[in-house]
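I opened the model today to look things up one by one. My notes follow.

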Amino acid sequence: MFSRIPFEKVNWLISSFLIGTLFLAVTAAPLYLWRFGLDSFQVVLFFVMFFACGFSITIGYHRLFSHRTFEAHWIVRLFTLVFGAAAFENSVLLWACEHRSHHKHVDHEDDPYCISKGLFHAHIGWLLFKLDPPPPFDNVADLKKDPLVMWQHRHIHWIGAIVSFLLPALIGFLWGGWISALGAFLIAGVVRIVVLQHCTFCINSLCHYLGDRPYSSKCSARDSWIMAIVTLGEGYHNFHHEFQYDYRNGVKPWQFDPTKWAIWTLSKLSLAGKLRRVPEEKIVLAELAEAQRRLETRLKGGALTEAASATLARARNRLRAVEEQWTEKRRAQLEWTREKMAMLRNETRAAIRPLRGLGLHESPGT
Ligand SMILES: [Zn+2]
Ligand SMILES: [Zn+2]
């Protein structure tokens, strides 16, 4: 069995961490629970750390930094960078760089966690055997300009170790001495890292494997409510791959997407803004086009009457016409808005012109 493993290709640093934490989670943590039992403090701390780090990945690493689906106050950016580091999924600069490559090359050779290479590769194999030189970071120029992102990138392992292990242990010590500190280190630290990492890994593996493709069958990404529960809402992955700049993954109001709800709540608290949404009509058109594509594939080999073929062709043409009309309408709306803006700008200029002589024509704020 072991002779089949290409040891010369193993990334020993990443592999030791992933296997070491898993080993501790299934040996030391149960031993601790057997010897000292589980109290509510440990359970609460586990979930606080799990959600702080988990949402830092989904809100921060993914929807904010990788896709720019909204803008965030520096407090949100700092929080997600600090607790995201504690998820031990590397710096946001590297994470976003690889994730943007995933979207660009999905299902092809340059996709870092390409599902075409198998479920194991997409889940964890790509990390265990990641010997490639570090990427040139040529698709994250925007993030390189962010001093907070670069600070996290420089100190990623220190921040991760302090927030992930020292912080829970210290809280545990203050709560109940050395035994509580050990429990917090193992449960809110080690076990939480393992559980959260595999939840994230599921986005790369099972979210490209289980579920439906209501928006596009052009790539392997799928929508699944079960995966949405496991991944804090990232399970609506087919929608996400089709419309990656929307801050929502579960776009329907009833779909379980706590990350979307958290971003919306942050916006109400003035901690986030400019939430990007794909126009409703565009989403409906994508669903219709996909439904039609599926119908045509299903009918392909079957004997289709002439009348049925004609009806299908008519439906296809009508859909195309609706798409064209919608694009035309959007363009007209944009032009109308641009014209109104130009008019307003001219009116404002005309209004402040008389003030020039008084030296009061500078923009407000100067
Ligand atoms: Zn994404
Ligand atoms: Zn994906």
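I looked up the domains. The centres of domain 1 and domain 2, taken over C-alpha atoms, are 36 Å apart. Domain 1 covers 2–273 and domain 2 covers 280–358; such bounds come from an automatic or database domain assignment. Seven residues from domain 1 and five residues from domain 2 make the contact (C-beta atoms, placed from the backbone, within 7 Å). On the domain 1 side I find three nonpolar, two polar and two charged residues. Ala, Val, Leu, Ile, Met, Phe, Trp, Tyr, Cys and Pro count as nonpolar, Asp, Glu, Lys and Arg as charged, and the others, Gly among them, as polar.

I noted the ground rules. This is a predicted model, where local features need pLDDT of at least 70, side-chain atom pairs count only at pLDDT 80 or more, and totals for chains, interfaces and linings use all residues. Residues are numbered from 1 along each chain as its sequence is written, while chains are lettered from A and ligands numbered from 1 in the order in which they are written.

Next I picked Gln325. It sits in helix α14 (residues 306–352). Helices are DSSP runs (H or I, at least four residues), numbered from the N terminus. Is Gln325 buried or exposed? Gln325 is exposed because it has 11 C-beta neighbours inside 10 Å (exposed means 12 or fewer, buried 20 or more, partly exposed in between). His99 is 226 residues away from Gln325 along the chain, and their C-alpha atoms are 34 Å apart.

Methods:
Two residues are in contact if their C-beta atoms, placed from the backbone, lie within 7 Å. Helices (H or I, at least four residues) and strands (E, at least two) are DSSP runs, numbered from the N terminus.
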